[in-house]
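Here's a quick briefing to read with the model open. Have a look first, then go through the notes by topic.

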Amino acid sequence: MEMKSSEIKDAILDGDITAITIDTSVFDAAKLGLEFGALKRLAQFKDGSTDFVLSDIVAKELRGHMIKEATETQAAFRKATSALGSAWGHSIQERDLLVNTAFKKQTPEENADDRMQSYFESTGAKYALAGERVNVEKLVQMYFQLTPPFSETKKHEFPDALALLALEAWATERDTKILAVTKDGDWKAYCKTSERLVAIDDLGTALSLFQEEETRYFCQVIGKQIQGLDPEKLVPRINAALKVYEDRIDVSADGDSQFRCEPSMAEASVGEMDLSTLTELEALDRDHDELVAKFSVTVPVDVTAYFSFEKWDGIDGEYMAMGSGSAAQSTEVEAEIVLTIGGKLPDHPEIIDIEVSFSDVRVEFTDLEPDWMSDPDNFGD
């Protein structure tokens with residue numbers, strides 16, 4: 001069913017919505033950071049009146065994504081450390097020590113399992129098991145009638161269908177409704193026709209709807225105070241946090257050149273933000289004398305990308321290396337700031353901790369060429 005934010009809030013207060021779930025797209029949007037930001041704040045529902053319920057299908061998809069990410073990161077790290085032998089003279093034993101320290105002597109599968117177990121224990125997540133709850137006859141009927149999440153162009157959405165049917169059955173057993181946080185269009189389409197699932201696309205906004213009125217009031221007051229604070233006190237702390245977390249920006253780069261070019265690496269350096277782009281402060285959690293809240297801000301960022309170039313050799317019938325080069329471009333990135341606020345609330349807030357997550361950055365370069373082509377020392381007068 002469809003509900004506005006105000007209607008969702010009322011349904012929570014009235015006890016009609018007593019559970020929250022998230023799908024794989026939300027984990028992906030948070031770059032699988034189970035230990036940070038809004039994902040971490042789902043721990044507030046452990047042992048409370050609201051359940052954090054997760055489809056086992058989503059859990060399996062999450063594990064697959066985590067293993068893939070860990071495998072790719074491990075391979076990239078090993079490739080980078082292999083260059084330390086010739087470039088810095090490190091022995092293979094020293095390089096292996098770096099690798100073992102970075103990855104805790106774990107396989108990607110072991111790392112994913114440990115992190116997921118720790119996360120599910122800390123959040124008290126409950127499972128909606130598809131194998132126990134999904135009516136196969138209904139699933140087949142949905143497939144042939146092209147009922148969401150199936151459609152004419154998407155007829156292979158069985159994982160989504162299994163997850164959604166299991167969640168709906170779980171809610172039906174308890175005569176309740178679930179707030180489903182999802183960025184997936186197929187999930188949203190299903191929720192529109194569901195009597196038990198209500199879709200919302202932002203986890204921070206969803207968490208804010210579960211906060212008590214006092215907490216929401218605190219957040220409004222503190223938000224106004226933050227915007228009115230002396231920039232010399234607040235802005236430097238946020239800018240420092242942006243720099244600490246800038247290596248988590250996921251940067252991708254494409255280039256156009258007269259040569260065949262491939263990006264080898266791209267990195268981002270954030271600039272300083274200003275409070276004029278700050279969004280409204282939203283409460284995520286309140287624990288005793290601390291409030292956790294988030295806002296978003298637009299931040300300038302400089303992207304540097306490195307490319308390798310090749311040219312087709314018609315005589316030898318193969319590509320010939322033409323050197324490497326780099327290019328830089330300025331753009332902007334959306335940063336989500338999660339604040340842990342203490343002090344005497346709400347009149348005298350103190351920033352205890354700052355966490356930052358960034359949206360992805362994609363840049364395109366044109367007229368690229370190897371560095372040697374723009375170096376005058378390589379050419380005569």
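Of the contacts in the protein chain between residues at least 6 apart in sequence, 73% join residues at least 24 apart, where contact means heavy atoms within 4.5 Å. Bear in mind that this is a predicted model: local features need pLDDT of at least 70, side-chain atom pairs count only at pLDDT 80 or more, and totals for chains, interfaces and linings use all residues. Residues are numbered from 1 along each chain as its sequence is written, and side-chain values use heavy atoms, with hydrogens and water left out.

**Overall picture**

- The protein chain has 13 helices and 12 strands; these are DSSP runs numbered from the N terminus, with helices being H or I of at least four residues and strands E of at least two.
- Along the principal axes, the C-alpha atoms fill a box of roughly 80 × 60 × 40 Å.
- Out of 381 residues, 43% count as buried (buried is under 20% relative accessible area, exposed over 50%, partly exposed in between, with a 1.4 Å probe and protein chains only).

**Second largest pocket**

- The second largest pocket has a volume of about 420 Å³, and of the 16 residues that line it, Gln44, Ser49, Thr50, Phe210 and Glu212 are the closest to its centre.
- A pocket here is an open set of points on a 1 Å grid over the protein atoms alone, where a 1.4 Å probe fits, with protein on both sides within 12 Å along at least five of seven lines; lining residues have an atom within 4 Å of a point.
- Grid points are joined across faces, edges and corners, and the volume is the space filled by probe spheres set on the points.
- Strand E1 (17-22), helix H12 (213-228) and strand E8 (282-287) each supply at least two lining residues.
- By type, the lining divides into four nonpolar, eight polar and four charged residues (Ala, Val, Leu, Ile, Met, Phe, Trp, Tyr, Cys and Pro are nonpolar, Asp, Glu, Lys and Arg are charged, and the others, Gly among them, are polar).

**Rings and charges**

- The structure holds eight aromatic pairs; rings of Phe, Tyr and Trp (its six-membered ring) pair if their centres lie within 6.5 Å, and planes under 30 degrees apart count as stacked, over 60 as edge-to-face and the rest as tilted.
- Phe27 and Tyr119 pair edge-to-face, at 6.4 Å centre to centre with 80° between the planes.
- Phe27 lies in helix H2 (residues 24-29) and Tyr119 in helix H6 (residues 108-123), so the pair ties together parts that are 92 residues apart in sequence.
- Both Phe27 and Tyr119 are buried.
- Phe45 and Phe210 are also edge-to-face, at 5.1 Å centre to centre and 70° between the planes.
- That pair links distant parts of the chain, 165 residues apart: Phe45 sits in the loop between helix H3 (37-40) and strand E2 (51-55), and Phe210 in the loop between helix H11 (203-209) and H12.
- Phe45 is buried at 7% relative accessible area, and Phe210 is buried at 13%.
- Ring pairs also link Phe27, Tyr119, Phe120 and Tyr127 into a cluster.
- Arg248 lies over the face of Phe36, 4.2 Å from the ring centre (a charge sits over a ring if NZ of Lys or CZ of Arg is within 6 Å of the ring centre and within 35 degrees of the ring normal).

**A loop residue to check**

- Thr176, in the loop between helix H9 (158-173) and strand E4 (177-181), is buried with a relative accessible area of 4%.
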